[in-house]
Amino acid sequence: MTEGVNSDAKPPTSAAYRNLVTATIGFTLTFWAWDLIAPLGSWYGERLDLSSFQQSFLVAVPVIVGSLGRIPAGALTDRYGAKLMFPLVSALTIIPVLLLIVVKDSYGLMIVVGFLLGLGGTTFAIGIPLVNSWFPPEKRGLALGVFGMGMGGVALSGYFTPRIAKHGENLPFVVVAIALAVYAVLAAVLITDRPDRPVPTAPLATRLGSAGRLRVTWELSALYAIGFGGIVAFGVYLPTYLKTWYELDPTDAGTKAAGFALVTVVFRPIGGWLSDRVHPAVVTAWALGVVALFAIVQAFDPKLNPGGTIALLVMAAGLGTASGSVFALVSQVTPQAKVGSVTGIVGAMGGLGGFVPPLVMGAIYSAKDSYSIGFMLLSDLALAGCVYAYGRMRGIRPGGDEPAPGAAKVTVKAP
């Protein structure tokens, strides 16, 4: 059991659970909107006669902007609260969703609208400080993990968007726009900021600079870039890997990739739940250790059934668990007034961390006609994260903002 947990602490209120459910639904819907272009990438490629690079760039723009946009979104949430930010961002996301209908015949305008669509990917940094403020420390891990399941909106988009498009090429955008409009109204009514939450008064740039100067911000960013970045990387590259190496047809490869994504979504709250009982740094270390081990297994190119399937799904479970436990760690070592700012930076690094591995894997395969080196590099990276989480981050005392003895350098108090 976790040391320092107060058994007399009051359980979460009904308002806490209402905010958690509402935020998770909003996170799911905005992530669906954020990922609207990717499932239709091949359709856009044929319609606009795009090269492979142009198509990849079109798909990547919303993801990159959404990842970087979490930095100001988190800081603005610290200042103005999720009650304003969640419905506002949800409503504003409707604009680029509908503009996709208008600009579908122009590659240049699609890039501009894709840039605006990145707004939908910023809600992660809005929901984390909201959920964090409503739940006591001993319940935050599971609560944040449940909220993190909203990343399944990407999987929902991948499955439903192309199927809805079969009934009308503009229909997916209309459906998502209506859903966002309904949600924005409900969020304005149902989401409430905790009355006693600390509200920073310093300018945005000052607060971001303060969060950026915290050593723990970059330590957490590195761990999240491995955990969540690994999820993003597999989401982007796994279908290609399965088609190229195991010679699966596109539908079968896409189905198996969706199964990988589902496992990561399920194990994210499990990582948070475990972090309520064991120090989240220990959970992170074990999860990344498992990823490192099975990446080595996959490097030896086992047959897909059952060896490769087992190795990939176990890695999915490890990456999902690590994603949940890292944000349980964020909630413990970050002053409440800075949670949004730190979350924005950490979330951005996690999203961006997923774009380097596919490039590396593709380059290695082109040069060596093998993926083994790429999986060995993943193993090395996960092992480094495992050692750092266990050796460095384990010194932080769970259940509070004060550092444990000898861990004063890890946590910086709010001024």
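**A charged network and its surroundings**

Tutor: Start with the whole chain. Of its 415 residues, 53% count as buried. The model is predicted, so every value here is computed from predicted coordinates. The chain has 17 helices and zero strands. Its accessible surface comes to about 17,300 Å². Carbon and sulfur atoms hold 69% of that area. Now take the contacts with a sequence separation of 6 or more: 84% of them join residues 24 or more positions apart.

Now the charged part. Side chains of opposite charge can pair when their charged atoms come close. The cut-off is 4 Å, from a side-chain nitrogen of Lys or Arg to a carboxyl oxygen of Asp or Glu. By that rule the model has five salt bridges. Arg47, Lys104, Asp105 and Glu169 are linked in a network of such bridges.

Take Arg47 with Asp105. The closest N and O atoms of this pair are 2.7 Å apart. Arg47 sits in helix H2 (residues 41–48), and Asp105 is in the loop between helix H4 (82–102) and helix H5 (107–117), so the bridge ties together parts 58 residues apart in sequence. How covered are the two partners? Arg47 is partly exposed, at 34% relative accessible area. Asp105 is exposed, because its 54% relative accessibility is over the 50% cut-off.

Arg47 also pairs with Glu169. Here the N to O distance is 3.6 Å, which is within the 4 Å limit. Glu169 lies in the loop between helix H8 (153–165) and H9, while Arg47 is in helix H2, so this bridge ties together parts 122 residues apart in sequence. Glu169 is partly exposed, at 34% relative accessibility.

Glu169 meets Lys104 as well. Their salt bridge has an N to O distance of 2.5 Å. Lys104 is in the loop between H4 and H5, and Glu169 is in the loop between H8 and H9; the pair is 65 residues apart and links distant parts of the chain. Lys104 is buried, because its relative accessible area of 11% is under the 20% cut-off. To follow the links, go from Asp105 to Arg47, on to Glu169, then to Lys104.

Next, helix H9. H9 covers residues 171–190 and contains Leu190. A nonpolar surface patch is formed by Leu171, Val174, Val175, Ile178, Val182, Leu186, Val189 and Leu190. Together these residues have about 630 Å² of accessible area. An α-helix has 3.6 residues a turn, so residues three or four places apart point the same way. Leu190 is partly exposed, at 32% relative accessibility. Leu190 is also in contact with Thr22. Thr22 belongs to helix H1 (residues 14–34) and is buried, at 7% relative accessibility. Outside its sequence neighbours within four places, Thr22 also contacts Tyr183, Ala187 and Ile191.

The side chain of Ser379 reaches the backbone oxygen of Ala292 at 2.9 Å. Ser379 is in helix H17 (residues 372–391). Ser379 is buried, with a relative accessible area of 4%. Beyond residues up to four places away in sequence, Ser379 touches Ala292, Ala295 and Ile296. The C-alpha atoms of Ser379 and Leu293 are 6.8 Å apart, although 86 residues separate the two along the chain.

Helix H13 (residues 280–299) has 20 residues. At 1.5 Å a residue, H13 should span 28 Å, and its end C-alpha atoms are 28 Å apart, which agrees. After H13 comes Asp301, with a positive phi near 55 degrees. Helix H14 (residues 304–333) has 30 residues and should span 44 Å; its end C-alpha atoms are 41 Å apart, which agrees. In H14, 23 of the 30 residues are buried, so the helix is largely enclosed by the rest of the structure.

Conventions:
Residues are numbered from 1 along each chain as its sequence is written. This is a predicted model: local features need pLDDT of at least 70, side-chain atom pairs count only at pLDDT 80 or more; totals for chains, interfaces and linings use all residues. Side-chain values use heavy atoms; hydrogens and water are left out. Patches are made of residues with over 30% relative accessible area and no salt bridge: like charges are joined within 9 Å, nonpolar side chains (Val, Leu, Ile, Met, Phe, Trp, Tyr) within 5 Å. Accessible areas come from the Shrake-Rupley method with a 1.4 Å probe; for residues, only the protein chains shown count as cover. Helices (H or I, at least four residues) and strands (E, at least two) are DSSP runs, numbered from the N terminus. Buried means under 20% relative accessible area, exposed over 50%, partly exposed in between (1.4 Å probe, protein chains only). Contact means heavy atoms within 4.5 Å. A polar contact is a pair of N or O atoms within 3.5 Å; within protein, one must be able to donate a hydrogen and the other to accept it, and residues adjacent in sequence count only if both atoms are side-chain atoms. The expected span of a helix is 1.5 Å times one less than its number of residues.
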